[in-house]
Amino acid sequence: MITNFDKKPILWISVLFSIIIFFTGCGTVGNQSSSSSSQDSQTAQVGQPRAEVKKTVVELVPGTPYTSKAYIYESVIEGPTVMVVGGIHGNEPAGSLAASKFMEIPVLRGKLIVIPRANNVALDANERTLPEIEDLNRAYPGKSDGTPAERLTYDIVQLMKKYQVAMVLDLHEGYAFNAVDSKSVGETILPGTDDTSALLAMDAVEHINKQITEAKKKFSVLANPIVGSTVHYANTVLKVPAFTVETSSDQPLEDRVNFSFEIAKFLVSSQGVIDK
Ligand SMILES: [Zn+2]
């Protein structure tokens, strides 16, 4: 028979056990994933609400030459999860740099997953991708035992599922301005095929174009994300709003990073995860 006195240690042991389960449950992509993780915590920056934010670093395809990191910022205040991906193509540095700027932004609620250098090795080589890796933006949903591109996208997909993303952004660059060369997707947003994605993309274009005076540099919305891409997978399989943001590399890097970041910030803040 258990007396009230005896129940207290049992209660504390069960609380402790629950905490251990909670923390060991975070930061791994899933049972079938090869990724690994580490954690620490931080508080929001000065001037923002001081809500605690837990940071978890997850290695995608660890122990390989093409490993890459995902950074997960989790507010104590509940809310949706938004994923921002950059560096899918290694010769599009603005998308990678714009994504990395989200690592400095306080998360107000929910979770922000940042993958700033998805194709890490290709970024170092300033190549779209390497032959042995293949194109990440044609490799979704990926495979746990596939090509490097398939293994990377597989681990990204596991993160999308584990954290039940509510929105996905993928930041890229085109070679020209779409307004003067319709063959290039530079200075466009390619939303998913749902109404929410389309409407938010139009709002984001209106927002960014207020900051752009030169007509050829103004953004527009294009349709139909590419099969096998980050956005196509998130939008058609997971059924969440998703956007490919494309700046034009025919302008200074600083402008491309700023345009990409401003558009992405507008979209992420629409979910209340960060401030406007
Ligand atoms: Zn690209």
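**Questions on a predicted model**

In helix H2, the buried residues are Ala94, Gly95, Ser96, Leu97, Ala98 and Ala99.

User: How many of the eight residues of helix H2 are buried?
Analyst: This is a predicted model. Helix H2 spans residues 93-100 and is mostly covered. Its buried residues pack against several elements, among them strand S4 (81-86), strand S5 (111-115) and helix H7 (253-269). The number of buried residues in H2 is six.

User: What is the mean pLDDT of the chain, and over which residues does pLDDT stay under 50?
Analyst: The mean pLDDT of the chain is 88, and 83% of the residues reach 70 or more.

User: Is Val157 buried or exposed?
Analyst: Val157 is located in helix H4 (residues 148-162). A residue counts as buried if 20 or more other C-beta atoms lie within 10 Å of its own. Val157 has 21 such atoms within 10 Å, and therefore it is buried.

User: What separates the C-alpha atoms of Val157 and Tyr233?
Analyst: Leaving aside neighbours within four places in sequence, Val157 is in contact with Tyr140, Pro141, Gly142 and Tyr233. Along the chain, Val157 and Tyr233 are 76 residues apart. Their C-alpha atoms are separated by 8.6 Å.

User: Is Asn126 buried or exposed?
Analyst: Asn126 is placed in the loop between H3 and H4. Its phi is positive, about 55°, although the residue is not a glycine. Because Asn126 has 10 C-beta neighbours inside 10 Å, it counts as exposed.

User: Why does Val61 count as buried?
Analyst: Val61 lies in the loop between strand S2 (52-60) and strand S3 (68-75). This residue other than glycine has a positive phi, near 45°. Val61 counts as buried because its C-beta neighbours inside 10 Å number 23.

User: Which residues of strand S7 point one way, and which the other way?
Analyst: In a regular strand the side chains alternate between the two faces of the sheet. In strand S7 (residues 188-191), the residues on both sides are buried. Thr188 and Leu190 point one way, and the other way point Ile189 and Pro191.

User: In which sense does S7 pair with strand S9?
Analyst: S7 pairs with strand S8 (residues 220-221) in the parallel sense over two bridges, and Thr188 has Ser220 as its bridge partner there. S7, helix H5 (residues 195-209) and S8 form a right-handed β-α-β unit. Leu190 stands opposite Thr244 in S9. Over four bridges, the pairing of S7 with S9 (residues 242-248) is antiparallel.

User: Which residues touch the most other members of the largest nonpolar core?
Analyst: The largest nonpolar core has 69 residues. Beyond four places in sequence, Leu169 touches Val84, Val85, Phe243, Val245, Ala264 and Leu267. The residues touching the most other members are Val84, Val168, Leu169 and Ala264.

User: What percentage of the residues in the chain is buried?
Analyst: The chain has seven helices and nine strands. Among contacts between residues at least 6 apart in sequence, 64% join residues at least 24 apart. Of the 276 residues in the chain, the buried share is 46%.

Terms used
Residues are numbered from 1 along each chain as its sequence is written. This is a predicted model: local features need pLDDT of at least 70, side-chain atom pairs count only at pLDDT 80 or more; totals for chains, interfaces and linings use all residues. pLDDT is the predictor's confidence in each residue, from 0 to 100. A residue is buried if 20 or more other C-beta atoms lie within 10 Å of its own, exposed if 12 or fewer, and partly exposed in between; C-beta atoms are placed from the backbone. Two strands pair if DSSP finds at least two bridges between them. A crossover is right-handed if, with the strands pointing away from the viewer, the path from the first strand over the helix to the second runs clockwise. A nonpolar core is a set of buried Ala, Val, Leu, Ile, Met, Phe, Trp, Tyr and Cys residues joined through C-beta atoms within 7 Å. Two residues are in contact if their C-beta atoms, placed from the backbone, lie within 7 Å.
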